[in-house]
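Subject: Structure handover

Hello,

I am passing a structure on to you. Please open it alongside this message and keep it in view as you read.

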Amino acid sequence: MSTPPLKMRNIGPKSAAWLRQVGLHTAEDLAAAGPVDAFMRVRRAGFKPSLNLLYALEGALCDCHWQEVPDERRAQLVEQAEAATALLPPPRNRPAASPVTTTVMMQEDDPMPSMRLFDETDD
């Protein structure tokens with residue numbers, strides 16, 4: 001029987017939920033993906049993980065506390081994550097929807113409509 005990431009060292013409830021949402025349900029799934037791929041899956045899913053997640057995933061796979069991951073290995077992981085991030089498409093940098101505009105079609109003999117909906121005050 002496999003251990004879900006929720007029960008792995010360094011993997012808290014939020015990280016476990018992120019991992020489940022990107023299809024990593026077991027320790028075997030996480031080991032097969034590796035820490036960098038798992039981290040990138042979480043990023044591509046739209047979450048905003050910090051590098052602590054990357055270190056936590058490595059620590060979970062090595063069965064050590066994330067702060068015990070050696071500095072050389074951390075630098076390696078960051079370099080690999082940055083290389084994978086460079087391959088992502090650029091952000092769209094635009095709003096999800098265009099601004100809403102309203103067009104009122106009036107005939108020449110119609111009086112001007114009153115704008116009372118938001119113009120009235122309680123004074």
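Below are the main findings, from the whole chain down to single residues.

Please note that this is a predicted model.

**Overall layout**

The protein chain holds four helices and zero strands. Read from the N terminus, its elements run α-α-α-α. The chain has 123 residues, and 28% of them are buried.

Go to alanine 38. This residue sits in helix α2, which covers residues 27-44. Its relative accessibility is 0%, so alanine 38 counts as buried. What does alanine 38 touch, leaving aside residues up to four places away in sequence? The partners are Leu19, Leu24, Leu30, Ala33 and Leu57.

**Aromatic rings**

The count of aromatic pairs comes to one. The partners are tryptophan 18 and phenylalanine 47, with ring centres 5.4 Å apart. Their planes meet at 25°, which is under the 30 degrees cut-off, so the pair is stacked. The two residues are 29 apart, and the pair links distant parts of the chain. Tryptophan 18 belongs to helix α1 (residues 13-21). Phenylalanine 47 lies in the loop between α2 and α3 (51-62).

Are these two residues buried or exposed, or something in between? Tryptophan 18 has 14% relative accessibility and therefore counts as buried. Phenylalanine 47 has a relative accessible area of 24%, so this residue is partly exposed.

One more ring deserves a look. Arginine 74 lies over the face of tyrosine 55, at 4.5 Å from the ring centre.

**The largest pocket**

Phenylalanine 47 turns up again here, as one of the residues lining the largest pocket.

**Where to start**

Then move to alanine 38 in helix α2.

Best wishes

Conventions. Residues numbered from 1 in each chain as written. Predicted model: local features only at pLDDT ≥ 70, side-chain atom pairs only at ≥ 80, totals over all residues. Heavy atoms only, no water. Buried < 20%, exposed > 50% of the residue type's maximum accessible area, 1.4 Å probe, protein only. Contact = heavy atoms within 4.5 Å. 1 Å grid on protein atoms, 1.4 Å probe; cavity = no way out; pocket = protein on both sides within 12 Å on 5 of 7 lines; lining within 4 Å. Phe/Tyr/Trp six-rings, centres within 6.5 Å; stacked < 30°, edge-to-face > 60°. Lys NZ or Arg CZ within 6 Å of the ring centre and 35° of its normal.
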